[in-house]
Amino acid sequence: MGLRPKRPVDRRLLAALAEHPVMASIVGVAMAGRFASRSAPLGILASVPLGDLEATVAATVAARKIVFVNMDSTPGLGHDPGALTYLKGIGAIGICSTRAAIIERAGGLGLLTMQKVFVTDRSNLHRSVQSIGRSHPDLVQLMPAVMLRYIEREARDLGVPYLAAGFVQEEADVSEALQHGAAGVCTSDDALWDLRRSALRAS
């Protein structure tokens with residue numbers, strides 16, 4: 001059986017990242033409430049109990065945000081087709097996971113997708129490139145961010161916009177990631193959430 005055709009990257013993501021290179025990593029309900037009032041348009045939602053998930057997703061949608069639900073870090077949420085159907089049913093826009101099969105199924109349901117990759121060495125990244133070639137996520141999250149300086153060429157071979165995550169704590173970390181080819185970064189440091197690409201160019 002052939003590979004599923006690659007779909008173009010969603011224009012909303014490209015437009016958001018063009019001006020806002022920081023995607024908010026949102027941990028818990030309280031942080032989601034703070035995110036809703038910030039200018040950052042993109043976020044990843046984690047550690048929200050299943051009973052609070054529908055209301056939290058609805059609040060981010062009402063705030064006109066594009067939020068990916070981290071399926072690997074949502075208590076009580078499984079990793080099966082039923083979980084994806086549930087997320088789509090409550091209005092989720094996208095999902096994030098390390099699991100290629102989940103990414104592929106979610107894309108088939110029309111959800112935006114982000115595949116998380118932990119890079120421990122070059123061979124690990126090579127396997128991830130092959131996995132991403134099968135799952136075709138909209139975005140890739142590479143961790144930890146500091147690895148980008150060593151694997152920039154291989155990261156560009158992903159063929160998908162990628163964001164650096166892990167230990168992104170100041171503007172210099174954002175600038176470095178962008179210089180090494182990242183489309184943006186992910187961070188829970190809310191002091192960086194409103195950072196604009198134009199401000200980085202001016203500094």
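Reader: Which residue in strand 4 is the bridge partner of asparagine 70?

Author: This is a predicted model, in which local features need pLDDT of at least 70, side-chain atom pairs count only at pLDDT 80 or more, and totals for chains, interfaces and linings use all residues. Residues are numbered from 1 along each chain as its sequence is written, and side-chain values use heavy atoms, leaving out hydrogens and water. Strand 3 (residues 66-70) pairs with strand 4 (residues 94-97) in the parallel sense over 3 bridges; strands (E, at least two residues) and helices (H or I, at least four) are DSSP runs numbered from the N terminus, and two strands pair if DSSP finds at least two bridges between them. Valine 69 has isoleucine 95 as its bridge partner, and the partner of asparagine 70 is cysteine 96.

Reader: Which residues of strand 4 point the opposite way from Gly94 and Cys96?

Author: All four of the residues Gly94, Ile95, Cys96 and Ser97 are buried, where buried means under 20% relative accessible area, exposed over 50%, and partly exposed in between (1.4 Å probe, protein chains only). Gly94 and Cys96 point one way from the strand, and the other way point Ile95 and Ser97.

Reader: What is the handedness of the crossover from strand 4 to strand 5?

Author: A crossover is right-handed if, with the strands pointing away from the viewer, the path from the first strand over the helix to the second runs clockwise. Strand 3, helix 4 (residues 81-89) and strand 4 make a right-handed β-α-β unit. From strand 4 the chain crosses through helix 5 to strand 5, and this β-α-β crossover is right-handed.

Reader: How many strands are in the closed barrel?

Author: The barrel runs 1-2-3-4-5-6-7-8 with parallel pairing. Neighbouring strands of this sheet are turned by 25 degrees against each other on average, direction ignored; axes are lines fitted to C-alpha atoms, for helices over the stretch in contact, and angles run from 0 to 180 degrees between N-to-C directions. The number of strands in the barrel is 8.

Reader: At what angle does helix 7 run to strand 7?

Author: The buried residues of helix 7 are Leu148, Ile151, Glu154 and Ala155. They pack against helix 6, strand 6, strand 7 and helix 8 (171-179), with contact meaning heavy atoms within 4.5 Å. Helix 7 lies across strand 6 and strand 7 (162-165), and its angle to strand 7 is about 160 degrees.

Reader: Is proline 49 buried, partly exposed or exposed?

Author: Proline 49 is found in the loop between strand 2 and helix 3 (50-62). Leaving aside its neighbours within four places in sequence, proline 49 is in contact with Val29 and Pro75. Its relative accessibility is 37%, so proline 49 counts as partly exposed.
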